[in-house]
Amino acid sequence: MVGLKPSEVPPTTAVKFLGAGTAACFADLLTFPLDTAKVRLQIQGENQAARSAQYRGVLGTILTMVRTEGPCSPYKGLVAGLQRQMSFASVRIGLYDSVKQFYTPKGSDHCSITTRILAGCTTGAMAVTCAQPTDVVKIRFQASVHTGPGSNRKYSGTMDAYRTIAREEGVRGLWKDNFPCHFVSAFGAGFCATVVASPVDVVKTRYMNSPPGQYGSPFDCMLKMVTQEGPTAFYKGFTPSFLRLGAWNVVMFVTYEQLKRALMKVQMLRESPF
(Lines give C-alpha, C1' and ligand atoms only; values in the text may rest on other atoms or scores of the structure.)
Protein backbone atom coordinates (compact mmCIF):
# COMPACT_ATOMS: atom_id res chain seq x y z
CA MET A 1 0.00 0.00 0.00
CA VAL A 2 3.10 2.24 -0.08
CA GLY A 3 2.65 5.17 -2.44
CA LEU A 4 -1.10 4.72 -2.73
CA LYS A 5 -3.67 7.30 -1.71
CA PRO A 6 -6.40 6.28 0.77
CA SER A 7 -8.97 6.46 -2.06
CA GLU A 8 -6.89 3.98 -4.12
CA VAL A 9 -6.51 1.38 -1.38
CA PRO A 10 -9.27 -1.28 -1.34
CA PRO A 11 -11.12 -0.91 1.99
CA THR A 12 -11.07 -3.88 4.32
CA THR A 13 -14.22 -5.66 5.43
CA ALA A 14 -13.91 -4.07 8.89
CA VAL A 15 -13.65 -0.59 7.36
CA LYS A 16 -16.72 -1.17 5.16
CA PHE A 17 -18.68 -2.70 8.06
CA LEU A 18 -17.93 0.16 10.47
CA GLY A 19 -18.17 2.85 7.81
CA ALA A 20 -21.57 1.70 6.54
CA GLY A 21 -23.07 1.54 10.04
CA THR A 22 -21.68 4.92 11.09
CA ALA A 23 -22.76 6.62 7.85
CA ALA A 24 -26.25 5.15 8.18
CA CYS A 25 -26.50 6.47 11.75
CA PHE A 26 -25.49 9.95 10.59
CA ALA A 27 -28.11 9.83 7.83
CA ASP A 28 -30.72 8.67 10.36
CA LEU A 29 -29.94 11.57 12.70
CA LEU A 30 -30.72 14.05 9.93
CA THR A 31 -33.84 12.35 8.56
CA PHE A 32 -35.41 10.74 11.64
CA PRO A 33 -38.24 13.32 12.04
CA LEU A 34 -39.41 12.44 8.52
CA ASP A 35 -39.48 8.76 9.48
CA THR A 36 -41.49 9.51 12.62
CA ALA A 37 -43.94 11.64 10.63
CA LYS A 38 -44.29 8.77 8.16
CA VAL A 39 -45.16 6.33 10.97
CA ARG A 40 -47.75 8.68 12.50
CA LEU A 41 -49.44 9.21 9.14
CA GLN A 42 -49.39 5.49 8.38
CA ILE A 43 -51.20 4.53 11.60
CA GLN A 44 -53.65 7.44 11.47
CA GLY A 45 -57.21 6.15 11.22
CA GLU A 46 -56.28 2.66 12.40
CA ASN A 47 -58.21 2.89 15.68
CA GLN A 48 -60.03 5.37 17.91
CA ALA A 49 -56.89 6.30 19.82
CA ALA A 50 -55.08 7.10 16.62
CA ARG A 51 -57.96 9.33 15.46
CA SER A 52 -57.60 11.58 18.53
CA ALA A 53 -54.68 13.39 16.87
CA GLN A 54 -55.18 14.49 13.28
CA TYR A 55 -52.09 15.00 11.16
CA ARG A 56 -52.02 16.81 7.84
CA GLY A 57 -48.93 16.61 5.66
CA VAL A 58 -45.30 16.20 6.63
CA LEU A 59 -44.68 19.62 8.17
CA GLY A 60 -48.12 19.66 9.80
CA THR A 61 -47.45 16.29 11.44
CA ILE A 62 -44.09 17.36 12.83
CA LEU A 63 -45.44 20.71 14.07
CA THR A 64 -48.43 19.02 15.72
CA MET A 65 -46.13 16.59 17.50
CA VAL A 66 -43.87 19.39 18.71
CA ARG A 67 -46.84 21.44 19.91
CA THR A 68 -48.65 18.62 21.72
CA GLU A 69 -45.81 16.34 22.81
CA GLY A 70 -42.75 18.56 23.03
CA PRO A 71 -39.77 19.47 20.82
CA CYS A 72 -38.07 16.07 21.21
CA SER A 73 -41.11 14.06 20.06
CA PRO A 74 -40.01 13.75 16.38
CA TYR A 75 -36.96 11.86 17.69
CA LYS A 76 -38.88 9.24 19.67
CA GLY A 77 -37.27 5.86 19.13
CA LEU A 78 -33.98 7.38 17.97
CA VAL A 79 -31.88 5.04 20.13
CA ALA A 80 -33.54 1.98 18.61
CA GLY A 81 -33.25 3.62 15.20
CA LEU A 82 -29.49 4.03 15.55
CA GLN A 83 -29.20 0.47 16.83
CA ARG A 84 -31.11 -0.62 13.74
CA GLN A 85 -28.78 1.21 11.39
CA MET A 86 -25.65 -0.18 13.05
CA SER A 87 -27.01 -3.71 12.77
CA PHE A 88 -28.82 -3.40 9.41
CA ALA A 89 -26.65 -1.13 7.24
CA SER A 90 -23.41 -2.61 8.56
CA VAL A 91 -24.44 -6.07 7.40
CA ARG A 92 -26.40 -5.18 4.26
CA ILE A 93 -23.86 -2.74 2.84
CA GLY A 94 -20.65 -3.47 4.75
CA LEU A 95 -20.62 -7.20 4.06
CA TYR A 96 -22.02 -7.12 0.52
CA ASP A 97 -18.65 -7.21 -1.29
CA SER A 98 -17.32 -9.99 0.93
CA VAL A 99 -20.43 -12.14 0.37
CA LYS A 100 -20.28 -11.38 -3.37
CA GLN A 101 -16.69 -12.61 -3.47
CA PHE A 102 -17.72 -15.72 -1.57
CA TYR A 103 -20.28 -16.59 -4.26
CA THR A 104 -17.95 -15.74 -7.17
CA PRO A 105 -16.28 -18.87 -8.64
CA LYS A 106 -12.53 -19.08 -8.12
CA GLY A 107 -10.56 -17.86 -11.10
CA SER A 108 -13.44 -15.75 -12.44
CA ASP A 109 -12.55 -12.19 -13.47
CA HIS A 110 -16.05 -10.87 -12.96
CA CYS A 111 -19.24 -11.76 -11.13
CA SER A 112 -22.53 -12.36 -12.90
CA ILE A 113 -25.83 -10.63 -12.22
CA THR A 114 -27.00 -13.85 -10.56
CA THR A 115 -24.09 -13.66 -8.12
CA ARG A 116 -24.89 -10.03 -7.33
CA ILE A 117 -28.56 -10.80 -6.72
CA LEU A 118 -27.65 -13.78 -4.55
CA ALA A 119 -25.22 -11.66 -2.52
CA GLY A 120 -27.85 -8.94 -2.11
CA CYS A 121 -30.49 -11.42 -0.98
CA THR A 122 -28.08 -13.05 1.46
CA THR A 123 -26.91 -9.83 3.11
CA GLY A 124 -30.49 -8.54 3.09
CA ALA A 125 -31.76 -11.63 4.90
CA MET A 126 -28.88 -11.47 7.39
CA ALA A 127 -29.50 -7.77 8.02
CA VAL A 128 -33.25 -8.26 8.55
CA THR A 129 -32.61 -11.08 11.00
CA CYS A 130 -30.18 -8.97 13.02
CA ALA A 131 -32.11 -5.70 12.93
CA GLN A 132 -35.70 -6.91 13.26
CA PRO A 133 -36.06 -6.38 17.05
CA THR A 134 -34.68 -2.84 16.79
CA ASP A 135 -37.21 -2.00 14.05
CA VAL A 136 -40.12 -3.24 16.16
CA VAL A 137 -39.03 -1.15 19.16
CA LYS A 138 -38.35 1.91 16.99
CA ILE A 139 -41.85 1.83 15.52
CA ARG A 140 -43.46 1.28 18.93
CA PHE A 141 -41.81 4.45 20.25
CA GLN A 142 -42.57 6.49 17.14
CA ALA A 143 -46.22 5.47 17.23
CA SER A 144 -46.74 6.19 20.93
CA VAL A 145 -48.47 9.48 21.79
CA HIS A 146 -47.64 11.20 25.09
CA THR A 147 -49.28 14.57 25.62
CA GLY A 148 -48.24 15.30 29.20
CA PRO A 149 -47.01 14.04 32.57
CA GLY A 150 -50.25 12.13 33.08
CA SER A 151 -49.91 10.17 29.87
CA ASN A 152 -49.39 6.45 30.15
CA ARG A 153 -45.92 5.37 29.09
CA LYS A 154 -45.75 1.69 28.22
CA TYR A 155 -41.96 1.59 28.04
CA SER A 156 -39.57 3.45 30.34
CA GLY A 157 -36.72 3.17 27.86
CA THR A 158 -35.31 1.27 24.91
CA MET A 159 -33.99 -1.71 26.87
CA ASP A 160 -37.23 -1.87 28.85
CA ALA A 161 -39.12 -2.03 25.54
CA TYR A 162 -37.10 -5.07 24.42
CA ARG A 163 -37.76 -6.80 27.75
CA THR A 164 -41.46 -5.89 27.86
CA ILE A 165 -42.17 -7.04 24.31
CA ALA A 166 -40.30 -10.30 24.89
CA ARG A 167 -42.16 -10.87 28.17
CA GLU A 168 -45.68 -9.96 26.96
CA GLU A 169 -45.52 -11.18 23.36
CA GLY A 170 -42.74 -13.75 23.56
CA VAL A 171 -39.37 -13.55 21.88
CA ARG A 172 -41.14 -13.96 18.53
CA GLY A 173 -42.76 -10.58 19.19
CA LEU A 174 -39.41 -9.01 18.39
CA TRP A 175 -39.32 -10.83 15.05
CA LYS A 176 -42.84 -10.12 13.70
CA ASP A 177 -43.00 -11.56 10.27
CA ASN A 178 -42.39 -8.77 7.82
CA PHE A 179 -39.48 -10.04 5.71
CA PRO A 180 -41.29 -9.38 2.40
CA CYS A 181 -41.85 -5.77 3.49
CA HIS A 182 -38.17 -5.25 4.22
CA PHE A 183 -37.17 -7.17 1.11
CA VAL A 184 -39.21 -4.90 -1.17
CA SER A 185 -38.10 -1.75 0.64
CA ALA A 186 -34.43 -2.76 0.62
CA PHE A 187 -34.21 -3.16 -3.17
CA GLY A 188 -36.06 0.02 -4.09
CA ALA A 189 -34.75 3.55 -4.56
CA GLY A 190 -36.22 6.96 -5.39
CA PHE A 191 -39.79 7.66 -6.37
CA CYS A 192 -40.50 4.28 -8.00
CA ALA A 193 -39.34 2.48 -4.87
CA THR A 194 -41.63 4.59 -2.71
CA VAL A 195 -44.60 3.85 -4.97
CA VAL A 196 -43.91 0.12 -4.85
CA ALA A 197 -42.81 -0.13 -1.20
CA SER A 198 -45.35 2.18 0.41
CA PRO A 199 -48.18 -0.40 0.75
CA VAL A 200 -45.97 -3.02 2.37
CA ASP A 201 -44.30 -0.35 4.49
CA VAL A 202 -47.66 0.80 5.86
CA VAL A 203 -48.65 -2.81 6.60
CA LYS A 204 -45.27 -3.35 8.28
CA THR A 205 -45.72 -0.28 10.50
CA ARG A 206 -49.23 -1.23 11.57
CA TYR A 207 -48.39 -4.87 12.14
CA MET A 208 -45.29 -4.09 14.19
CA ASN A 209 -47.17 -1.53 16.27
CA SER A 210 -50.19 -3.77 16.89
CA PRO A 211 -50.89 -5.44 20.26
CA PRO A 212 -51.16 -9.24 20.33
CA GLY A 213 -54.37 -10.46 18.68
CA GLN A 214 -55.23 -7.33 16.68
CA TYR A 215 -54.08 -8.88 13.41
CA GLY A 216 -53.72 -12.56 12.66
CA SER A 217 -51.00 -11.97 10.06
CA PRO A 218 -49.65 -9.23 7.76
CA PHE A 219 -52.18 -10.38 5.15
CA ASP A 220 -55.02 -9.99 7.69
CA CYS A 221 -53.74 -6.48 8.46
CA MET A 222 -53.81 -5.65 4.75
CA LEU A 223 -57.38 -6.92 4.32
CA LYS A 224 -58.65 -4.93 7.31
CA MET A 225 -57.03 -1.77 5.97
CA VAL A 226 -58.73 -2.18 2.59
CA THR A 227 -62.08 -3.01 4.17
CA GLN A 228 -62.11 -0.25 6.79
CA GLU A 229 -60.17 2.58 5.13
CA GLY A 230 -60.02 1.84 1.43
CA PRO A 231 -57.01 1.34 -0.88
CA THR A 232 -55.68 4.88 -0.34
CA ALA A 233 -54.69 3.82 3.20
CA PHE A 234 -51.71 2.03 1.67
CA TYR A 235 -50.23 5.39 0.70
CA LYS A 236 -50.50 7.16 4.02
CA GLY A 237 -47.19 8.81 4.82
CA PHE A 238 -46.09 8.68 1.17
CA THR A 239 -44.54 12.16 1.07
CA PRO A 240 -42.33 11.88 4.17
CA SER A 241 -41.36 8.38 3.08
CA PHE A 242 -40.25 9.66 -0.33
CA LEU A 243 -38.43 12.68 1.12
CA ARG A 244 -36.65 10.60 3.73
CA LEU A 245 -35.63 7.91 1.23
CA GLY A 246 -33.95 10.42 -1.05
CA ALA A 247 -32.30 12.45 1.70
CA TRP A 248 -31.20 9.34 3.63
CA ASN A 249 -29.53 7.74 0.62
CA VAL A 250 -27.68 10.92 -0.36
CA VAL A 251 -26.37 11.58 3.15
CA MET A 252 -25.60 7.93 3.84
CA PHE A 253 -23.57 7.16 0.71
CA VAL A 254 -21.69 10.48 0.68
CA THR A 255 -20.77 9.98 4.33
CA TYR A 256 -19.92 6.33 3.72
CA GLU A 257 -17.40 7.17 0.99
CA GLN A 258 -15.72 9.84 3.12
CA LEU A 259 -15.56 7.54 6.14
CA LYS A 260 -14.00 4.75 4.10
CA ARG A 261 -11.27 7.09 2.92
CA ALA A 262 -10.66 8.45 6.42
CA LEU A 263 -10.53 4.99 7.99
CA MET A 264 -8.18 3.69 5.30
CA LYS A 265 -5.93 6.73 5.83
CA VAL A 266 -5.78 5.95 9.55
CA GLN A 267 -5.00 2.31 8.79
CA MET A 268 -2.22 3.29 6.38
CA LEU A 269 -0.67 5.65 8.92
CA ARG A 270 -0.71 2.90 11.55
CA GLU A 271 0.97 0.45 9.17
CA SER A 272 3.53 2.94 7.89
CA PRO A 273 7.05 2.40 9.32
CA PHE A 274 7.70 6.16 9.32
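Reader: In this predicted model, which residue lies over the face of Phe88?
Author: The model is predicted. A charge counts as sitting over a ring when CZ of Arg is within 6 Å of the ring centre. Here the distance from the ring centre of Phe88 is 4.6 Å. The residue over the face is Arg84.

Reader: Is Arg84 buried or exposed?
Author: Helix H4 covers residues 78-92. The buried residues of H4 include Leu78, Ala80, Gly81 and Phe88. Arg84 is also listed among them, so by the cut-off of under 20% relative accessible area its state is buried.

Reader: How far apart are the end C-alpha atoms of H4?
Author: H4 has 15 residues. At 1.5 Å a residue, the helix should span 21 Å. The model agrees with that, and the end C-alpha atoms are apart by 20 Å.

Reader: How many aromatic pairs does a search of the whole structure find?
Author: Rings pair if their centres lie within 6.5 Å. Searching the whole structure, the number of aromatic pairs found is three.

Reader: Is the pair of Phe32 and Tyr75 stacked or edge-to-face?
Author: The ring centres are 6.1 Å apart, with 15° between the planes. Planes under 30 degrees apart count as stacked. Therefore the pair of Phe32 and Tyr75 is stacked.

Reader: How many residues apart in sequence are the parts that Phe32 and Tyr75 tie together?
Author: Phe32 lies in helix H1, residues 13-43. Tyr75 lies in the loop between helix H3 and helix H4. So the pair ties together parts whose separation in sequence, in residues, is 43.

Reader: What is the angle between the planes of Phe141 and Tyr155?
Author: These two rings form a tilted aromatic pair, 5.9 Å centre to centre. Phe141 lies in helix H6, and Tyr155 in the loop between H6 and helix H7. Phe141 counts as buried at 15% relative accessibility, and Tyr155 is buried at 10%. The angle between the planes is 55°.

Notes. Residues numbered from 1 in each chain as written. Predicted model: local features only at pLDDT ≥ 70, side-chain atom pairs only at ≥ 80, totals over all residues. Heavy atoms only, no water. Phe/Tyr/Trp six-rings, centres within 6.5 Å; stacked < 30°, edge-to-face > 60°. Helix = DSSP H or I, 4+ residues; strand = E, 2+ residues; numbered from the N terminus. Buried < 20%, exposed > 50% of the residue type's maximum accessible area, 1.4 Å probe, protein only. Lys NZ or Arg CZ within 6 Å of the ring centre and 35° of its normal. Expected span 1.5 Å × (residues − 1).
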